[in-house]
Amino acid sequence: RQTLANLGWTQQDLERIPFNDANTYKLFKKGDTDGVFQLEGNSSKWGCRDLKPTSIKDVVAAMALFRPAAMRSGGTRAFVNRKHRREPVPERHQIISKVTKDTHGVVLYQEQVIDILRALGMDADNLTKFLKAVKASNAAIGKAAEVIAGYQSWIDQRCTEEGMSGPDRKFLNEAIAGFAEYGFNRAHASVYGITAYRCGYLSANHPLEFHAALLSVAA
C-alpha cells in the first residue's frame, strides 16, 4: 500500500500489472528478491536462482516448491531439473500422468493428492478425512502423519488393482507422505504467487518507491 501511495497508484493500477514483464523475471532469476513477498528468505532466493521463473505459473509453483512437502519428497529438485530439461519427465501410470501433467510429473499441490485418490476410487467420506490431514500442514497436528499412513494399505491395493508399477507406487507413496508436512493448495499458491510477482514487478521497475516503502514499514 505504501508503494502504491509513493507511486500515486490505485489498486486498479496494481491489478493492471502485466504478467510478462522481462525486468521482473530477470530479478527473480537473479534471486534479487529482498522485500518480495514469500521469496526474501535465503532458501527462496537460492530457489529462484535455480528455478529461473519465466511465467506467472512458475512463480505460483515456487510458492509450493519451497515448502517441506515438496522439498522432502524430492519434488522441488525434480521440478527444477525437468523445467530446464536436465532430466526427462518419467513415464508414469495414466492416473499420475494426468494429474501431474502441468507440474512436470511432480505432485505439488494438495488438490493433486486428492485428485489421485479420487481416481483410485476413494469415497467422499475418506477423501474428506484425508484432505483434513493433508491440510493440517504439520505431521503432529491432528496426527496427520498417522492418518495418512493409515491409508497406505488401501492405496497400495488400489494401485496394484489399477496396474500401477512398483516404481510408480513408490513414487506415489513418497509424494503423498510428504504432505504430512507443510504443503500448499493451488489456490493458496496462486494468491501468494500473484502477490510475489507484483512485489517483484515493483522492485524491478520502481525500485526507489518500492524500497522506500519497505523502509517506511520496517521503521
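Start at L108. Setting aside neighbours within four places in sequence, L108 is in contact with A61, A64, L65, A70, F79, T103, F179 and F184. Keep in mind that this is a predicted model.

Now widen the selection to the core around this residue. L108, F28 and L39 touch the most other members of the largest nonpolar core, which has 34 residues. At least two residues each come from α1 (2-7), α3 (22-30), α4 (42-51), α5 (56-65), α7 (75-83) and α14 (186-205). Which helix gives the largest share of this core? Select α5: its share is seven residues.

**Helix α13**

Select residues 166-178. This is α13, with 13 residues. From its first C-alpha to its last, α13 reaches 18 Å, close to the 18 Å expected at 1.5 Å a residue.

Show side chains on α13. Which of its residues are buried? They are D168, F171, L172, N173, A175, I176 and G178. In an α-helix there are 3.6 residues a turn, so residues three or four places apart point the same way. Now bring up what surrounds α13. Its buried residues pack against α6 (68-73), α8 (94-99), α9 (110-119), α10 (124-135), α11 (144-150) and α12 (152-161).

**The α14–α15 pair**

Zoom in on the contact. From α14, select C199, L202, S203, A204 and N205. From α15, select P207, F210 and H211. How many of the residues in this contact are nonpolar, polar or charged? Five are nonpolar, three are polar and none is charged.

**Zoom out**

Finish with the whole protein as a cartoon. There are 15 helices and zero strands. Turn the model along its principal axes: the C-alpha atoms fill a box of roughly 60 × 40 × 30 Å. Colour by burial next. Of the 219 residues, 44% are buried. Last, draw the contacts between residues at least 6 apart in sequence. Of these, 67% join residues at least 24 apart.

Technical notes
Residues are numbered from 1 along each chain as its sequence is written. This is a predicted model: local features need pLDDT of at least 70, side-chain atom pairs count only at pLDDT 80 or more; totals for chains, interfaces and linings use all residues. Side-chain values use heavy atoms; hydrogens and water are left out. A nonpolar core is a set of buried Ala, Val, Leu, Ile, Met, Phe, Trp, Tyr and Cys residues joined through side-chain atoms within 4.5 Å. Buried means under 20% relative accessible area, exposed over 50%, partly exposed in between (1.4 Å probe, protein chains only). Helices (H or I, at least four residues) and strands (E, at least two) are DSSP runs, numbered from the N terminus. Contact means heavy atoms within 4.5 Å. The expected span of a helix is 1.5 Å times one less than its number of residues. Ala, Val, Leu, Ile, Met, Phe, Trp, Tyr, Cys and Pro count as nonpolar, Asp, Glu, Lys and Arg as charged, and the others, Gly among them, as polar.
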